[in-house]
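Okay everyone, thanks for coming.

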Amino acid sequence: MRFDRPLLRFGPRGTKINFMRGRFIGLATSAVLSIASLILFFHPGLTLGLDFRGGIVVEARTQGPADFNAIRAALNAQHVNAAGVQSFGGPDDVLIRLDTPPDSEPDHEARTQAMVDSVRHAIATLPGAQVLRADAVGASVSRELFRNGMLALGISLLMILAYIWFRFEWEFAVSAVVTLVLDLTKAIGFLVVTHFEFDLVMVAAILTILGYSTNDKVVVYDRVRENLRKYRTMPLAELIDLSINETLSRTLGTSCTVFLAALPLALFGGASLSGFAWVMLFGIVVGTSSSIFIAAPLLLLMGEKRLRRDARPPART
């Protein structure tokens, strides 16, 4: 066995896959998926979590499998109108959701605390049941959190645009940001289809996806820029194919490493982490594929003439 070679490669050396031949199919598929995701965003829309919707969430654990009829009867006995009672995690874990009183009411905080206390009393009447956690977020706070979350996403895209524009030519920056916006819309569509709650944790997941996807595209763009100086007469489509093939093993290796790291969280992370991890897994697949089938074709379409015109010969040594 030779120890100077990797034990695992994601493709043979010197691959010559013609990725740009299918560039129009890739762009069209991405556009269709993004448009469908935008339609889903408006109808039926995202399932907003407590952070953005406001309300009260109480986590409880029962003795043995949860009896939802008994739980609802206990809540009704305490005059609690629960917006939802559902299972999460194990069969003995229960999630109870309630709408908070309007923030405009003068006794808003007192009424909210009274509702939480009523749920605690209702759970206490069930044999062996206990309340694990109770959180409350008002409507005004949830609106501010939602606004700040969207602001964070917008600023991150602007910073990525500025970074890539500073590091590369404007064609690279525009191609990367357009691709990231398409990745973002697909992630939103994934959240709508899977009904994962959109909260601050999901904002963190999407920001992580954007950062990972940006790094993946910068790797390809770096190789494209090097090859522009190295192969002055090669057509840009062939040069981009060459650059992708040269970085393909690294791209797939990095993606598989991150994917395998996030997979246990998706399978065994529980209700608090599984949604975050599944969005991460989806974003890794989308971000890796978009670097090849979206960002590279967009760069070819926008820079086919100018990048070749401005290409400079390699520095003499």
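Just after α8, you come to Gly270, which takes a positive phi of about 80°. Helices here are DSSP runs of H or I with at least four residues, strands are runs of E with at least two, and both are numbered from the N terminus. What you're looking at is a predicted model, where local features need pLDDT of at least 70 and side-chain atom pairs count only at pLDDT 80 or more, while totals for chains, interfaces and linings use all residues. Residues are numbered from 1 along each chain as its sequence is written, and side-chain values use heavy atoms, with hydrogens and water left out.

Staying with α8 for a moment: this helix has 33 residues and reaches 46 Å from its first C-alpha to its last, close to the 48 Å expected at 1.5 Å a residue. That expected span is 1.5 Å times one less than the number of residues. There's a bend in α8 too, of about 50° at Thr247; the bend at a residue is the angle between axes fitted to the seven residues ending there and the seven starting there.

Now, which helix does α8 cross at roughly 145°? It's α7, residues 200–230, and its axis comes within 9 Å of the axis of α8, residues 236–268. Axes are lines fitted to C-alpha atoms, for helices over the stretch in contact, and the angles run from 0 to 180 degrees between N-to-C directions. The crossing of α7 and α8 is right-handed. By handedness I mean this: left-handed if the near helix is turned anticlockwise from the far one by less than a right angle, right-handed if clockwise. Among the residues making the contact are Tyr212, Asp216 and Val219 of α7, and Leu239, Thr247 and Thr251 of α8. Contact means heavy atoms within 4.5 Å. Split by class, this contact has 10 nonpolar, 7 polar and 4 charged residues. For the classes, Ala, Val, Leu, Ile, Met, Phe, Trp, Tyr, Cys and Pro are nonpolar, Asp, Glu, Lys and Arg are charged, and the others, Gly among them, are polar.

Let's zoom in on Thr251, in helix α8. Is Thr251 buried or exposed? Its relative accessibility is 4%, so Thr251 counts as buried. The cut-offs are under 20% relative accessible area for buried, over 50% for exposed, and partly exposed in between, using a 1.4 Å probe and protein chains only. Leaving out residues up to four places away in sequence, Thr251 touches Asp216 and Thr288.

On to α9, residues 271–303. This helix also has 33 residues, and it reaches 45 Å from first C-alpha to last, close to the expected 48 Å. α9 bends by about 50° at Ser290. Met302 is found in α9, and it is partly exposed, at 29% relative accessible area. What does Met302 touch, not counting residues up to four places away in sequence? Trp170, Glu171, Val174 and Ser175. Met302 and Trp170 are 132 residues apart along the chain, yet their C-alpha atoms are separated by 9.6 Å.

That takes us to α6. Its 25 residues reach 36 Å from end to end, first C-alpha to last, close to the 36 Å expected. Of those 25 residues, 19 are buried, so α6 is largely enclosed by the rest of the structure. The axes of α6 and α9 come within 8 Å and cross at roughly 145°, and the crossing is right-handed. Their contact divides into 17 nonpolar, 5 polar and 3 charged residues.

Most residues other than glycine have a negative phi, and most peptide bonds are trans. His195, in the loop between α6 and β6, has a positive phi of about 65° and is exposed at 54%. His79 has a positive phi as well, near 60°; it sits in the loop between α3 and β3 and is exposed at 72%. And the peptide bond from His43 to Pro44 is cis, with omega near 10°, with Pro44 in the loop between α1 and β1.

Last, the whole picture. The protein has 10 helices and 6 strands, and 43% of its 317 residues are buried. Of the contacts with a separation of 6 or more, 77% are between residues 24 or more positions apart.
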